[in-house]
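Subject: Handover of a structure and its findings

Dear colleague,

Please find below the structure that I am handing over to you.

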Amino acid sequence: MSEARIISPRVTMIPATRERFTSMPIHNARKRRVAAYARVSTRDEEQRNSYEAQVDHYTRYIQNNAEWEFAGVYADRGITGTSTKKREHFNDMIEDALNGKIDLIITKSVSRFARNTVDSLTTIRTLKERGIEVFFEEQNIYTLDSKGELLLTIMSSLAQEESRNISENVTWGIRKRFSDGKIMLPYKHFLGYRKGEDNLPEIVPEEAETVRRIYRAYLEGKSPSYIARQLSASGIPSPSGKANWRPETVKSILTNEKYKGDAVLQKTFCTDFLTKKFKANEGEVPQYYVENSHPAIIEPEVFDMVQAEIRRRGQSGRRYYTPHCFSGRIFCDECGSVYGSKVWHRHTVWQCNSRSKGLTPCKTPALRAETLQDAFVTAFNRIIENKEEIISICEKVLSERYDADALAKRRAELETEMEIVTELMQRQIALNATQALDQEAYQRQYDEYEARYNAARQALTEINAQQSALAARQGKIAEYISLLREQGLITEFNESLWYATVDQVRVLADGRLRFIFKDGTRIEG
């Protein structure tokens, strides 16, 4: 058997015809299409000059290179570098590059391109797959170079950390202003105030009257949805300038303490410096309550009255539609159900809702609106006939501040307790960081402090609610006294007086009406 003949392999090299990264023909004489990207992150005068200087520099830099073809300068002004999503011209540049209009992108540094490592690398890899190169001048990095991605990863991470430090410094500055009692308002979307010459909120008279109208309407028994419809129908623009009001906007105005001249600072906080996501502050970071921080549109007593009414409605479990002044104020004395309007033979009457639905066997009668109006005139005039005595009683109630003083004293005690426990917790943490403590004992002690703090905070919340309710009650009585002093007898139903004086009316089984006025006075007729 003959031996196999050994055949030596013959290798023929096929020369490359295209560039490794750009995929362009090696001997192609076409110039590289080069674009530049510039960005400044603020809009002040100094940065505006920097922006224009960058654009001018890159235009001349590219046009003076004989081997390059100028593909434009893409620039964003006043845009943060932490994310590429909001940079319009940056995104236009990337789109043009991927569409074959750009071969090389020049930018000053990694931080000008993006401070977010993920964004930076994702974008550059996408460009690299299409043979598009990015050159960073300060770091002398070409992304198609073999060392490019390693260096880029390191530099992007450093840039991201720089962005984190900037964000933390800004956050510190904001919290320092909070702790100093300096407030900030989103004036473009905040009804009633504008930025004054001293950088403090200044009242806008016509907008302030809208705010007062909202508060008056709510205290008169109107619901936020009803108030929103009325404001929309009146052609009054919402805080954001829209024609239609939303009930949520009305609720926000009714519960915002800034309208009484105070301010709770840091209601929300930023959870991530890259995504810029905010969440409601539920105790994760400190809050600051600043009293008398700016001029008030709503008297504190009126504000407290509204908060008390909000709580009352929330506890009642009923929905408030308030299409009529009697809505939500007439009650069946037998079953406690509210009276609602019904149409009988083309006439509107008011009847116990539970009885009309067959839910209860109560005997309270249906009433016409005229009957209720006449009864109010009679009851109100009886109040006026004895107003001096009623005013004297009301003033005595206002002068007895024992409850208010006791609540204020208890509140001060709880605030002191929270400060002491916070200091003890901080000492415990510091001690554990510097000494080798038994961790089970440390955790037990810390849990005890935390339980003490939470108990004091819960008690303080309850005290604040009681103080608010008491202030609302006192505000109602003071307003009632003022009205009685100025008011005489009436001869016909007055809707404004009805809203201002009547808390509720109870319909008895025999058809009699019990009027309960806002000072607690009860009159049956």
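This is a predicted model: local features need pLDDT of at least 70, side-chain atom pairs count only at pLDDT 80 or more; totals for chains, interfaces and linings use all residues.

Helix 14 covers residues 439-486, and its 48 residues should span 70 Å at 1.5 Å a residue; the end C-alpha atoms are 70 Å apart, which agrees. The expected span of a helix is 1.5 Å times one less than its number of residues. Helices (H or I, at least four residues) and strands (E, at least two) are DSSP runs, numbered from the N terminus. At the N-terminal end, helix 14 is capped by D438, which has a side-chain oxygen 3.1 Å from the backbone nitrogen of E440.

Residues are numbered from 1 along each chain as its sequence is written, and side-chain values use heavy atoms, with hydrogens and water left out.

Helix 6 (residues 205-219) passes the same kind of check: its 15 residues should span 21 Å at 1.5 Å a residue, and its end C-alpha atoms are 21 Å apart, which agrees. The buried residues of helix 6 are A208, T210, V211, I214, Y215, A217, Y218 and L219; buried means under 20% relative accessible area, exposed over 50%, and partly exposed in between, with a 1.4 Å probe and protein chains only. After helix 6 comes G221, with a positive phi near 110°.

Turning to the strands, two of them pair if DSSP finds at least two bridges between them. An open sheet is formed by 3 strands in the order 13-14-15, with antiparallel pairing. Its edge strands, strand 13 (339-344) and strand 15 (367-368), each pair on one side only. Strand 14 (residues 347-352) is joined to strand 15 by 2 bridges, and V349 has R368 in strand 15 as its bridge partner.

Strand 16 (residues 502-507) is mostly covered, as 5 of its 6 residues are buried. It pairs in the parallel sense with strand 12 (residues 330-332) over 3 bridges, where I330 stands opposite V505. Strand 16 also runs antiparallel to strand 17 (residues 513-517), to which 5 bridges join it; here the bridge partner of V507 is L513. Strands 16 and 17 form a hairpin with 5 residues between them, and G511 in the turn has a positive phi of about 95°.

Finally, the whole structure contains 22 salt bridges, a salt bridge being a side-chain nitrogen of Lys or Arg within 4 Å of a carboxyl oxygen of Asp or Glu. The following may be of interest:

- K101 and D96 form a salt bridge, with the closest N and O atoms 3.9 Å apart; D96 is buried, at a relative accessible area of 17%.
- E202 and R194 form a salt bridge, with the closest N and O atoms 2.8 Å apart. E202 is partly exposed at 32% relative accessibility, and R194 is partly exposed at 39%.
- E209 and R216 form a salt bridge, with the closest N and O atoms 3.1 Å apart. E209 is partly exposed at 37%, and R216 is partly exposed at 42%.
- A network of salt bridges links D333, R506, D510, R512, R514 and E524.

Yours sincerely

Definitions and conventions: A polar contact is a pair of N or O atoms within 3.5 Å; within protein, one must be able to donate a hydrogen and the other to accept it, and residues adjacent in sequence count only if both atoms are side-chain atoms.
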